[in-house]
Amino acid sequence: MPFVYNVPFFSIILCMVGGIVTPFFRNRRLTQIVNACLVAAVFAMSLTLFIILLSAEDSFTYMMGHFPAPWGNELRAGPLEALMAMVFSAIMLLSLVGGMRGINDDIRPTRIPLYYTMMNFLLSSMLALIYTNDMFTAYVFIEINTICACSIVMAKDSGMTVVATIRYLIMSLLGSGFFLFGVSILYTITGHLLMSNVQQSVIALAESGQYTVPLVTSLGLMVLGLAIKSALYPFHSWLPNAHGSSTTASSAILSGLVLKGYIILLVKMCYRVFTPEIMASLHITEVMFVLGVLGMIMGSVKALRETHIKRMIAYSSVAQIGYIFMGMGLGTTVGIMAACFHILAHAFTKPMLFLSANGLVDVSGHQYEMKALRGAARRDILSGIGFTVGALSMIGIPLFAGFAPKIFLGIGSMESNFHMIVTFLALALSTLLNALYYVPAVVAFWSKPKQPQAQVQEAGGAVLHREMPKRSVFLLSSIGVFIVLNFVLGIAYGPIMQMITTGLNLLG
Amino acid sequence: MEVILSHYYDIASVILFGIGFFTLLLHRNLIKKIIGLNIMDTSIFLFLASKGYIFGRVAPIVSEGATNAELYINPVPSGLVLTGIVVSVSVSAFLLALAQRLYKKYKTINLDEIIVLAKKEEE
Amino acid sequence: MSNSNFNQDKKPNAHSKTPWKAFAGWVNGEYPEDTFEKPELYQVPEQAHGAHHQEEPEQPAPAVPEQDAIQAGQGHFLLKEKFTRFYKVYIVLSVIIGCCVVGVLAFAVCSLPPYGYAENPVNNEVSEKYLEDGLADTGATNAVAGMILDYRAFDTFGESTVLFVAVAAVMMLMKRSMNKKDEEGERLVAHETAIDKKDQNLILKYGAMILVPFIILFGVYVILNGHISPGGGFSGGAMIGGGLMLYALAFGHEKISKVITYRAFTVTTGCALLTYAGCKAYSFYTGANHLGGDIPKGIAGAIISGGFILPLNICVGITVAFTMYGFYALFSKGEL
Amino acid sequence: MMVLEFALITFLIVCAVAFTFSKRLLTSVIIFMAYSLIMSIIWLIMESPDLAITEAAVGAGVTSVLLFLALKKVNALKGKKDE
């Protein structure tokens, strides 16, 4: 076995050891450096694995222990998993680096080592969710993921964040309860927990028509649990507060990565536990499609009415999650490819939006209301550009990252007339709504502050100029990298789509 | 009737799950919500643990020379539930800590009041 | 809120006793009215309580500054004004959703394989292998311990990590900061310490003196015998944690917190988990790369047997015991 | 044996319902302790002693102590009603 096949295991265990060791450090600086090095190491390893697997068009299972398939735990990696691991570690690194000043300002010094502990465990649990080949391991790591995600919300110690945390935690635990019940039922009727073995049993059951009701129920419960955790539309009520009130790095990571970890698990289940055909024959995809379309529209409508900038971006996440679920609900390979591509596009865009919003807020006297942010982009040009690029990408303008998935969603829906009509209508409406709230925001940021507000500005302006924070090199560089990545994703979507296709084919 | 007699643990755990679920959704008191969550979790564990039992067999403490699988119950669900119990206790400790923190700040453990107070505070 | 509404609805027609209401009343320690000779005497305070139901329960003086009490009252007021309609909708919706979920689940579990038959799909080659080859593969007599610590060790590692993560999260939340003076918290802790000193609770102290050594000893026994008898790291660790809690309850925190400081806590827990991670990383790595790396299994049934299972159980036990005590200490006084 | 199992299950459900309708938090926690102990007996009957030990130590022991501590912190140990 080539040595590089150890990468999934190494990256998970490395993050875990890092998480265990981090509370020992007393020095804040040291913690940050060690953490950045760890995440960078994971990125480098995943990149190597990705290149090797992609060029060989290869996938493998990794035995955790001395016992082969149905008896021991297993990891599984292919190009898609390696790509996701690479993207996740890269975005985590960029968000942590970009949000560093926010972390230092918002979080008490004694909490910072624990904050980085949580970040390490969060990354390790997301990697485990990506790589796992076992349903119960997925459950355990979902719980770790939940606790870590809640902790990074509450790290900023204001009343609102603690309230948001407890709502988030209760909803998430409800979700994991459903997931565990689903796994239990699935285990009862198949007798296995490993994905590949479960799949064999499920195919046999679907052919013989035995236990159809429990099969549908367990699939429904698992999808419901993961949908609650990834904030699909009717279950999104915890999201805006949790993402809107936490510190910038946390918001970026929660929106960009944590929601996606569950969705990738769902995609993996869709291919490795159930086949897409079985999913479609059990009508689960229809439900996902409807809820996805609802989420696309309702998320945008809610965002339209929001004046708090971070909450507006958070509601926009609800809409984007709707896109992803709609893609999966189409039930075609192209649809799932579009969903995977949209995971990448959203993961590259949303952290950038949060980081640049933070930059804009910093130069406007720490006010989050849209009115106060008027003209902010002129004071901090790179953040302004970052926000503009992110907004255009979310609207779906060509050349930006958010464009390609919409095209592919359209292509994926062509197989059935009903899907095609609904998809095109929903895409058009959602694009319009996105434009309705992003464009005025961007225009307001770039326009000159109004004359009548001069006095207000002067009152605040004195404070502003005195307190005009030094430009953080970290923030600027990470926004810069995000902008470049966004353009790469938007222009070179062909090759990336090719990679995703290869990965999905190998996943089956 | 026959179905109930052959599935009584399943039905009991669904009923308990329902009770826990309703408590979690409808009670506005945080401590009650937390206990409700615990009941929901234990009901799932009951469901899972009952899957391992086989009539007339004994606990899987394999004695020397009697390694016949016909003698013992299925050890897998027990192991899974063991994992689940520990997860559930750590989660409830975290929830309780959050509830105490909120009480310290708002002097109430009614979630609705807390939300209203927090919104007012933010404005 | 919802519940208090329900209760208020119930209060006036408490005379019409259905078994259900009688049961609800019994749970709450309400006596049936006819047993009292003068019901109105008991009725009056009861109703008064029902009417003022929404007031805060009586608070001890140091805990609540007056302002906060007012604030809490405002919360009630606002709630009534704004949210009543929304919550009615919410309650109806959640009842409908809940009923659907429970109904579907009940329908689904009824078509599952019946309880307790050997022919069920659960009892397949996987569990057979655990039982038949478990002794040879892992050296553990207890098939459950062998399964969770050897065959499916990755899950169990994740589970220990959950505990560590949870205690870190609680620490993040509850640990009083050194720089910012938390006056109220300190006053509370001082108040409680004073009560503890004054309160010579002899039964508790003597009871604890007798019980604690046995509890801890039994915990150690359960941990060390985890691979040959029921129990293991988790249950034994929880017992030791319980013993430590009882000790701290009976004799105050001072003695125990001299031994278990914050530093000692993190280092011990971290080292136990690191040992665990090291052992498991070794066996995962050698297993996956087919490098052999078997360690001797020993004689089945002896204490020193079962390969890595005994050291892993000890590590898990230490982690769990410290974690449980850590939760207790953080909850009761906000530091270790 | 089956009669005992049915009795225990009934008790379990009664505990859960009683918990939902109890007005005092202290009562709820004590009911929850009883619930956990019954659960551990049921697991003993199901021949899973590992689970029974763990549930008795964790569910009825540690979780309940933590709940009591939390009740003390939120001042819910005194007074007649809490909600």
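Student: What share of the 336 residues in chain C is buried, and how is that class assigned?

Tutor: Buried residues make up 38% of chain C. A residue is called buried if 20 or more other C-beta atoms lie within 10 Å of its own, exposed if 12 or fewer do, and partly exposed in between, with C-beta atoms placed from the backbone. This is a predicted model, in which local features need pLDDT of at least 70, side-chain atom pairs count only at pLDDT 80 or more, and totals for chains, interfaces and linings use all residues. Residues are numbered from 1 along each chain as its sequence is written, while chains are lettered from A and ligands numbered from 1 in the order in which they are written.

Student: How many helices and strands does chain C have, and what makes a segment count as one or the other?

Tutor: Chain C has 14 helices and zero strands. Both kinds of element are DSSP runs numbered from the N terminus: a helix is a run of H or I of at least four residues, and a strand is a run of E of at least two.

Student: Which residues is C:V170 said to touch, and what makes two residues a contact?

Tutor: Two residues are in contact if their C-beta atoms, placed from the backbone, lie within 7 Å. Apart from residues up to four places away in sequence, C:V170 touches B:A93, B:F94 and B:A97 as well as C:F327 and C:L330. Between the two chains, 62 residues of chain C are in contact with 54 residues of chain B. Of the side of chain C that touches chain B, the largest share, 18 residues, comes from α4(C).

Student: What is the make-up by class of the side of chain C that touches chain B?

Tutor: That side has 40 nonpolar, 16 polar and six charged residues. The nonpolar class holds Ala, Val, Leu, Ile, Met, Phe, Trp, Tyr, Cys and Pro, the charged class Asp, Glu, Lys and Arg, and the polar class the others, Gly among them.

Student: Which residues have the most contacts inside the largest nonpolar core, and what makes a set of residues such a core?

Tutor: A nonpolar core is a set of buried Ala, Val, Leu, Ile, Met, Phe, Trp, Tyr and Cys residues joined through C-beta atoms within 7 Å. The largest has 361 residues, and B:A99, C:A166 and C:V170 have the most contacts inside it.

Student: Why is B:D41 called buried?

Tutor: B:D41 has 24 other C-beta atoms within 10 Å, and the threshold is 20 or more, so the residue is buried. B:D41 lies in helix α3 of chain B. Beyond its neighbours within four places in sequence, B:D41 is in contact with A:G177, B:G84 and B:S88.

Student: How confident is the prediction of chain B?

Tutor: pLDDT is the predictor's confidence in each residue, from 0 to 100. Chain B averages 87, and 98% of the residues score at least 70. Within chain B, confidence is lowest in helix α1 (residues 2–6), at a mean of 81, and highest in helix α3 (residues 30–50), at 91.

Student: Why is chain A described as being as compact as a globular protein of its length?

Tutor: The radius of gyration is taken over C-alpha atoms, and the globule rule is 2.2 Å times the number of residues to the power 0.38. For 508 residues the rule gives 23 Å, and the value for chain A is close at 22 Å, so chain A is as compact as a globular protein of that length. Of the residues of chain A, 65% count as buried. Chain A has 22 helices and two strands.

Student: What makes strand β2 of chain A largely enclosed?

Tutor: Five of the five residues of β2 (residues 73–77) are buried, so the strand is largely enclosed by the rest of the structure. In a regular strand the side chains alternate between the two faces of the sheet. Here A:N73, A:L75 and A:A77 on one side and A:E74 and A:R76 on the other are all buried.

Student: Why is A:E57 called exposed, whereas A:A231 is called buried?

Tutor: A:E57 has 12 other C-beta atoms within 10 Å, and 12 or fewer is the criterion, so A:E57 is exposed. A:A231 has 30 and is therefore buried. A:E57 has a positive phi of about 45° although it is not a glycine, and A:A231 one of about 60°, again without being a glycine. A:E57 is in the loop between α2 (28–56) and β1 (60–64) of chain A, and A:A231 is in the loop between α9 (212–229) and α10 (239–245).
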